[in-house]
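Open the model in a viewer and keep the selection tool at hand. The stops below go through one region of the chain, with what to select at each.

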Amino acid sequence: MRPVDKGNDLGEFNPYSDAQQPLVTRLGEYCSYCERWIASGIHVEHKKPKKNYPEDQYRWSNFLLACGNCNSGKGHDKLNLDDYLWPDCDNTFRAFDYDSEGRVLPKTDYGEALNKKIKQTWIMLGLNKHPDIFTEGNQKPTVKDNRWLHRKEAWRKAEKRKQELTINDTPERRAEIVEMACERGFFSIWLTVFADDQDMKTRLFLAFPGTSTDCFDNQGAPLARQGGQL
Ligand SMILES: [Zn+2]
């Protein structure tokens, strides 16, 4: 999950839907959770659900952007923010692996408490939805939820472009590939496929608005986020 930086706190928005434009300007028109590009009607997402936390429903600090699947699947229950990982607070790129089948896999590289939070986040956001039952906690998606399929497609495209670079590697072609990535989203998939290409990683960091560059070193390797849990 792409770690993002929302910039300075813009305070309160009432109605909260007025925050959509500044969020899109700063983060791009991408779901903060599943990372796909949304053509229109991206939702202002409340980390703490507005139903149970009306006092936070207008606060910039409580906002992200989400697609319909991520937004509706997340639910409205009371939650403790620290029980989960968040793309505006943690280096969530360190939380998950992605594969060619469109799976999101929770990492288990950390201590027990952190591994548990990664798994809870994976389930809460429906990133565990995939038609193949491959690991504990994984669930089949409904017919309306094709996030996994879009991930699989993004992976295929990224692999193809990477292959093409072995034949025609020019700065112009690299710029075009990054433009393609931005048109579809799935930052983490592009970053994973181009993991051994420093130049492409830098281009991706710069091209996707609001990527938290503090979460990566100058070789593009992920770092623990200052002030975050991960
Ligand atoms: Zn989403």
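Begin with helix H5 and what lies over its buried residues: the cover includes helix H4 (147-165), helix H6 (187-193) and helix H7 (198-207). The model is a predicted one.

Select residues 171-184 to see H5 by itself. This helix of 14 residues reaches 21 Å from first C-alpha to last, close to the 20 Å expected at 1.5 Å a residue. Now colour Ile177, Val178 and Ala181, which are buried. Looking down the axis of H5, these buried residues fall within an arc of 95 degrees, so they line one face of the helix. An α-helix has 3.6 residues a turn, so residues three or four places apart point the same way. Turn to the other side of H5 for the exposed residues Glu172, Ala175, Glu179 and Glu183.

Which residues of H4 are buried? Select Arg147, Trp148, Arg151, Ala154, Trp155, Ala158 and Arg161. They cover an arc of only 145 degrees around the axis, which puts them on the same side of H4. On the face turned away from that buried side, Lys160 and Gln163 are exposed. The buried residues of H4 pack against helix H2 (68-73), strand S3 (96-98), H5 and H6.

With both helices shown, look at how they pack. The angle between H4 and H5 is about 180 degrees, and their axes are 11 Å apart. That makes H4 roughly antiparallel to H5. To see the contact, select Ala154, Lys157, Arg161 and Leu165 of H4 together with Arg173, Ile177, Met180 and Arg184 of H5. The residues of this contact divide into four nonpolar, no polar and four charged.

Then follow the chain out of H5. Gly185, just after the helix, takes a positive phi of about 90 degrees. Phe186 is found in the loop between H5 and H6. Is Phe186 buried or exposed? Phe186 has 27 other C-beta atoms within 10 Å, and it is buried because 20 or more are enough to count as such. Leaving aside neighbours within four places in sequence, select the residues in contact with Phe186: Glu35, Arg36, Arg151 and Ala154. Of these, Arg151 and Ala154 are also among the buried residues of H4.

Terms used:
Residues numbered from 1 in each chain as written. Predicted model: local features only at pLDDT ≥ 70, side-chain atom pairs only at ≥ 80, totals over all residues. Helix = DSSP H or I, 4+ residues; strand = E, 2+ residues; numbered from the N terminus. Expected span 1.5 Å × (residues − 1). Buried ≥ 20, exposed ≤ 12 C-beta atoms within 10 Å, placed from the backbone. Arc of directions from axis to C-beta. Contact = placed C-beta atoms within 7 Å. Axes fitted to C-alpha atoms, helices over the stretch in contact; angles between N-to-C directions. Parallel < 35°, antiparallel > 145°, perpendicular 65-115°, else oblique. Nonpolar A, V, L, I, M, F, W, Y, C, P; charged D, E, K, R; others polar.
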